[in-house]
Amino acid sequence: MPSSSNIGRRTLMRGLGAAGAGLVLPVAAGAQPVAMITRAVPSSGEALPVVGLGSWITFNVGNDRAARDGCADVMRAFFSGGGRLIDSSPMYASSQDVIGYGLAKLGKPAALFAADKVWISRGARGRDQIEQSRRHWDVARFDLMQVHNLLAWEEHLPMLFSMKAAGQLRYVGITTSEGRRHDEIEQIMRRHPIDFVQVTYNVVDREIESRILPLARDRGIGVIVNRPFREGALIKKVMRHPLPAWAQEIDCTSWAQVILKFIASHPAVTCVIPATTSVAHVRENMQAAYSRLPDEALRRRMIAHIEAL
Ligand SMILES: NC(=O)c1ccc[n+]([C@@H]2O[C@H](COP(=O)([O-])OP(=O)(O)OC[C@H]3O[C@@H](n4cnc5c(N)ncnc54)[C@H](OP(=O)(O)O)[C@@H]3O)[C@@H](O)[C@H]2O)c1
């Protein structure tokens with residue numbers, strides 16, 4: 001298992017230096033305001049908050065009105081905390097429609113960075129699927145369109161590049177998760193001018209540190225991190241243990257923030273997209289986009305501590 005010690009301290013600090021100051025966290029009267037951590041999209045320089053929002057399972061609530069309103073509340077708290085990137089897919093059933101419901105209810109927040117996916121085996125049907133997704137979200141166009149799990153990527157990528165050239169979307173990406181098809185992901189990153197790659201990364205799943213993250217930096221490709229909590233299993237496991245004293249060194253008051261700040265502190269990471277059904281959790285997760293991040297020495301302590309739990 002590669003370790004984060006592969007990242008030199010200078011590299012880490014350079015990466016963190018690229019973090020921009022965007023929004024300012026509202027703080028108690030008299031306290032110093034804290035700037036939000038943003039990362040530049042490598043292909044454009046656009047600043048993105050380092051924490052986004054996923055929607056798989058959590059937003060797939062069908063037509064249940066109360067549950068839809070609950071998701072809209074999560075989105076409201078997300079935008080209030082300075083969030084921008086929301087990630088979805090046609091694979092996530094009603095999630096896209098629920099996002100559209102939330103966006104309408106919130107008066108179409110201008111900050112939205114809409115990231116969706118094309119997920120259909122017949123390339124010729126890709127455009128229609130994207131148009132259907134666009135109607136669910138009711139946005140003018142997607143900011144980012146990703147090929148979900150590399151499905152029919154050879155057919156979808158040229159179509160996405162031509163949509164980008166025509167101004168019908170802004171960025172093109174590919175996704176995978178849980179370490180699947182990383183060799184193929186690498187080949188695509190080397191050969192095609194994609195803007196983003198979406199992969200799994202967290203303190204215990206660090207396979208991408210050895211090749212994919214360095215390659216993303218070399219090629220100027222943004223990295224979106226999925227499954228930061230291992231779909232909840234990782235956070236449930238660590239929450240059975242007390243928060244270590246070193247969490248204070250990076251201003252973390254919860255395990256969720258510790259896990260998210262580990263991910264956000266890698267200089268190649270652009271945005272991590274935890275999913276939640278809970279307003280309290282989304283607020284807690286957005287706090288990870290503020291204040292101090294771990295340096296390399298603390299990252300190593302975090303790995304050792306969590307692997308030993
Ligand atoms: N191949 C792909 O393209 C791919 C694959 C997987 C995922 N994704 C994307 O990545 C997103 C994130 O991954 P994921 O949904 O698998 O799982 P995840 O974000 O790793 O975990 C979600 C779980 O964590 C819990 N959680 C969230 N915040 C918490 C907090 N502060 N404290 C305690 N528990 C918390 C949530 O429960 P509560 O509801 O109780 O908060 C939920 O059950 C997806 O939603 C999707 O958008 C993409």
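The crossing of helices α2 and α10 is right-handed, a term used when the near helix is turned clockwise from the far one by less than a right angle (left-handed if anticlockwise). The model in the viewer is predicted, so local features need pLDDT of at least 70 and side-chain atom pairs count only at pLDDT 80 or more, while totals for chains, interfaces and linings use all residues. Residues are numbered from 1 along each chain as its sequence is written, and side-chain values use heavy atoms, with hydrogens and water left out.

**First stop: α2 and α10**

Next, display Asp-73, Val-74, Ala-77 and Phe-78 of α2 with Val-279, Val-282, Arg-283 and Met-286 of α10, which make the contact (heavy atoms within 4.5 Å).

**Second stop: α3 and α4**

Move to α3 (residues 95–105) and α4 (residues 126–137), whose axes come within 6 Å and cross at roughly 35°. On the α3 side, the contact uses Gln-96, Asp-97, Ile-99, Gly-100 and Leu-103; α4 contributes Ser-133, His-136 and Trp-137.

Now select strands β4 to β10. In what order do the seven strands of the open sheet lie? The order is β4-β5-β6-β7-β8-β9-β10, with parallel pairing; two strands pair if DSSP finds at least two bridges between them. At the edges are β4 (85–87) and β10, each pairing on one side only. Two bridges join β9 to β10, and Ile-224 stands opposite Cys-271 in β10.

Select β2 and β3 (residues 47–49), which run antiparallel and are joined by three bridges. Ala-40 stands opposite Ala-47 in β3. Six residues lie between the strands of this hairpin, and Gly-45 in the turn has a positive phi of about 85°.

**Last stop: α9**

Finally, select α9 (residues 255–264). How many of the 10 residues of α9 are buried? The count is 10 of the 10, so α9 is largely enclosed by the rest of the structure; buried means under 20% relative accessible area with a 1.4 Å probe, protein chains only. To see what covers α9, display elements including β2 (34–40), β9 (222–226), α8 (233–238) and α11 (296–307).

Key
Buried means under 20% relative accessible area, exposed over 50%, partly exposed in between (1.4 Å probe, protein chains only). Helices (H or I, at least four residues) and strands (E, at least two) are DSSP runs, numbered from the N terminus. Axes are lines fitted to C-alpha atoms, for helices over the stretch in contact, and angles run from 0 to 180 degrees between N-to-C directions.
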